Amino acid sequence: MDISGVFDYLIGFAIMAMIYAIFTLGLNVHWGFTGLFNIGIAGFFALGAYTAALLTSPPPDPTQFEDFIFGGNLAQLGLFDLGIDLWFFVGVAAAAVVCGIVALVIGTITLRLSDDYLSIATLGIAESVRFFFLNEKWAANGSKGLYRIPKFMGDLVAPESYDYFYVVVVLIVLAILFVAVQRAARSPWGRVLRAIREDEVTTAASGKNVFHFKLQSFVFGAMIMGIGGALFAHHVRFLSPLTFDPLLATFVIWAMLMVGGSGNNLGAILGAFVVWGIWAGTQFLPGIFSDPSFRLLMIGVLIVAIMLLRPGGLLGEWRRIVERRPASATGREPAGPD
Amino acid sequence: MGSEGKSELTNSRPILQVRSVTKDFGGVRAVDRCSLDVLPGTITGLIGPNGAGKTTLFNLVAGTLAPTSGHIIFEGQAIGGLRPHQTFARGLMRTFQIPRELRRMTVLENLMLVPARQTGERLWSTWLTPWQVARQESRIQAQALEVLDLVNLAHLANELAGNLSGGQKKLLELARTLMAEPRLVLLDEPGAGINRTLLRDLSANIVRASVERNVTFLIIEHDMRFVMNMCDPVIVMANGSVISEGTPSAIQRDPRVLEAYLGGRVSGTA
C-alpha cells in the first residue's frame with residue numbers, strides 16, 4: 001500500500017471513529033450524566049439510519065442492474081421504493097426526530113419505574129427494530145437491505161476523493177453536537193442530571209422533578225444517536241438488519257465510553273477513536289490474531305485494564321473548580337474530626 | 001434558647017397538621033393514626049424510641065412515601081400523597097438521617113443544585129440564552145459560598161461531597177436547607193455523629209434561621225440535651241402515634257414518656 005493508500009485508509013477510519021464518537025456522546029448523556037442504563041443503542045442507531053435512508057433514497061430505476069435484480073417485483077412497491085428523495089440534512093433531522101419520539105414513548109412508560117425496567121425496554125426496542133426491518137419487507141426490503149442510499153452532494157464531489165469531503169461533513173456535525181452537549185452538561189440542567197445519577201431521592205428532595213429530567217435526558221441522547229445513525233447510513237450506503245447486531249452497535253459503544261471516561265465529553269470522543277483504532281487496527285495482524293474473536297478479546301482486555309488502572313477512564317469526569325477571593329478563603333477552622 | 005414562651009402561641013394556625021395518618025408496610029404498621037400540629041415559628045422537637053415511626057412520618061410529610069390513610073395539611077392545603085418536588089415547591093424541605101450527599105459532585109455543586117426556578121435548568125436556554133444562565137449562576141454561586149461560610153465548610157467548596165467526614169456531611173445536609181427559602185424544615189437527627197463544638201454551630205444556625213428568616217423547624221433528635229435546649233414544644237412518638245406533647249420540662253416529668261423509653265411498666269409498678 002502506497003502512502004496515499006494509507007492516507008485514504010486513515011480518512012475512512014476517521015469517518016467511522018467520528019460517527020462512533022457521536023453515539024458515544026449520546027450514551028454519555030444517558031449513562032455518563034444521568035445514569036440511565038441504555039443497553040439498546042443499536043435500536044436508535046438502526047432507527048436513525050433507516051429513517052435517513054428511506055427519506056433520502058431516490059426512486060428505483062429499472063435500467064439499473066441492482067434495482068432490476070434485487071428490487072424484485074417492481075409492481076409491488078414498498079415504502080423503500082417510494083423514492084422520497086429528500087435533502088441529506090432533512091434525513092438527518094428526521095432521524096433525530098424519530099429517535100426522539102420513540103425515546104419519549106419508551107421513557108414515559110419506563111422512567112418512572114426502577115432503573116432495571118429502562119434497561120430491559122431499551123434491549124427490547126433494539127431487537128424489535130431489527131426484527132421489524134427484517135420481517136416487514138415492505139418497509140425496507142427485509143434482509144436484502146437498502147442499497148440506493150445517496151451520497152450527500154455526490155454529484156458535485158469526485159468519487160475518488162469523496163471520503164475527504166464526507167469526513168469534513170461528519171467532523172462539522174460532531175463538532176456542533178459536542179458543543180451542544182458540552183454546554184448542556186456544564187449548565188444547571190446538566191447539574192440536575194448528575195444529581196439524579198448520584199441520588200434520585202436527594203434530587204427530588206431538592207425540588208427537582210426527577211422523571212421530567214430523566215425523560216429529557218433520554219430523548220436528547222436518543223436524538224444524538226439518531227443523527228449518528230443517519231451519518232452512518234450515508235457513509236456505508238447499504239443497510240440491512242444484520243448491520244445492527246448488538247456487538248458492533250451497542251457493546252462497542254459502551255466500551256468506548258468506559259475507556260474514554262464516563263461523564264467526560266472529550267473522553268467519549270477519545271474513547272471512540274481508541275476502541276475503534278483497536279478494532280480496525282487488529283484486522284491487519286497476521287494469522288489467527290486478525291480473527292474477529294481475537295480482536296474482540298483485545299477490546300475486552302483493554303476494558304479490564306482500564307477498569308483496574310484508571311477506573312474513571314482515560315479522561316476522568318471533569319470537575320468544576322471555583323476560585324475564591326483570598327479574603328474569605330482562609331482563617332476557617334477545619335469542620336471537625338469525626 | 002427557643003423557650004421564650006413559644007408554646008403559648010397556641011391560637012395561631014398550625015403550619016403543619018397531621019391528622020390520623022397511618023402507614024402500613026405490608027403487615028407492619030409504622031405510623032398508626034398519628035395526629036400532631038406544628039405551630040409557625042417554633043422549633044418543635046420530635047422524639048421517641050427507635051422504631052417509633054418518626055422518620056416514616058417525615059417521609060410521609062415530605063412526600064417520599066404516600067400515607068395509607070389520613071390527612072397531612074401544610075399551610076391549609078392537603079399535601080398527603082404529593083411527590084417530594086411538589087412539597088418542596090410549597091415550601092417544605094427535609095434532610096436525611098443518613099446523609100444522602102451527591103458523592104461525585106463538589107460540595108458547592110451540592111448546594112447550587114437546590115435553588116428553584118433556575119433558567120439554566122431548561123435545556124434550550126443553555127444554548128439560546130447562555131448569558132442569562134451565567135448571570136443567575138454567579139448569583140447562586142455567591143449564595144452557596146455564603147451558606148458554606150455559615151456552616152464552616154467554605155474551605156471544602158471544591159471537594160467531592162463523597163470525601164467529606166460524617167459530621168461534615170451532616171452540615172452539608174443542613175446547608176442544603178439554607179439554599180432554599182423553605183417555611184418548614186424537617187431535620188432528621190441533625191446532631192447524630194457530630195461533636196459538641198459542631199453541634200453548637202449547628203444549633204446556632206438553626207436558631208438564626210428560625211429568628212431571622214422565620215423558618216419553622218421540626219427536628220427528630222436523640223440527643224436529649226440538644227432537644228431540651230433547642231426545642232419547644234416537644235412531641236413524643238411511640239409505636240407509630242403521639243403519646244405526649246408539651247414543654248421540655250413537662251415532657252421530662254411525663255410517666256408515659258419514661259415508660260415508652262424504658263419499655264417497662266414504670267407507672268404500673270408503683
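The conversation below covers the conventions, the chain contact, a sheet, the domains and a nonpolar core.

Q: What kind of model is this?
A: This is a predicted model, in which local features need pLDDT of at least 70, side-chain atom pairs count only at pLDDT 80 or more, and totals for chains, interfaces and linings use all residues. Residues are numbered from 1 along each chain as its sequence is written, while chains are lettered from A and ligands numbered from 1 in the order in which they are written.

Q: How many residues of chain A are in contact with chain B?
A: 35 residues of chain A are in contact with 49 residues of chain B (contact: C-beta atoms, placed from the backbone, within 7 Å).

Q: Which element of chain A gives the most to that side?
A: Helix 8 of chain A does, with seven residues. Helices here are DSSP runs of H or I with at least four residues, strands are E runs of at least two, and both are numbered from the N terminus.

Q: And what is the make-up by class?
A: The side of chain A that touches chain B has 14 nonpolar, eight polar and 13 charged residues. Ala, Val, Leu, Ile, Met, Phe, Trp, Tyr, Cys and Pro count as nonpolar, Asp, Glu, Lys and Arg as charged, and the others, Gly among them, as polar.

Q: Turning to the sheet in chain B, in what order do the strands come?
A: The order is 6-7-8-3-9-10, in an open sheet of six strands with mixed pairing (strands pair if DSSP finds at least two bridges between them).

Q: Which strands stand at the edges?
A: Strand 6 (92-94) and strand 10 (241-246) of chain B do; each has a single partner strand, so one side of each lacks a neighbour in the sheet.

Q: How do strands 7 and 8 of chain B run?
A: They run parallel, joined by five bridges. B:V185 has B:F217 in strand 8 of chain B as its bridge partner.

Q: How is chain B divided into domains?
A: Domain 1 covers 6-101 + 179-262 and domain 2 covers 102-163, with bounds from an automatic or database domain assignment. Their C-alpha centres lie 28 Å apart. Domain 1 of chain B gives six residues to the contact and domain 2 of chain B gives 15.

Q: Lastly, which residues touch the most other members of the largest nonpolar core?
A: B:L148 and B:A175 do, in a core of 170 residues. Away from its neighbours within four places in sequence, B:A175 is in contact with B:L111, B:V147, B:L148, B:V151 and B:L153.

Q: What counts as a core, and as buried?
A: A nonpolar core is a set of buried Ala, Val, Leu, Ile, Met, Phe, Trp, Tyr and Cys residues joined through C-beta atoms within 7 Å. A residue is buried if 20 or more other C-beta atoms lie within 10 Å of its own, exposed if 12 or fewer, and partly exposed in between, with C-beta atoms placed from the backbone.

Note on methods
Two residues are in contact if their C-beta atoms, placed from the backbone, lie within 7 Å.
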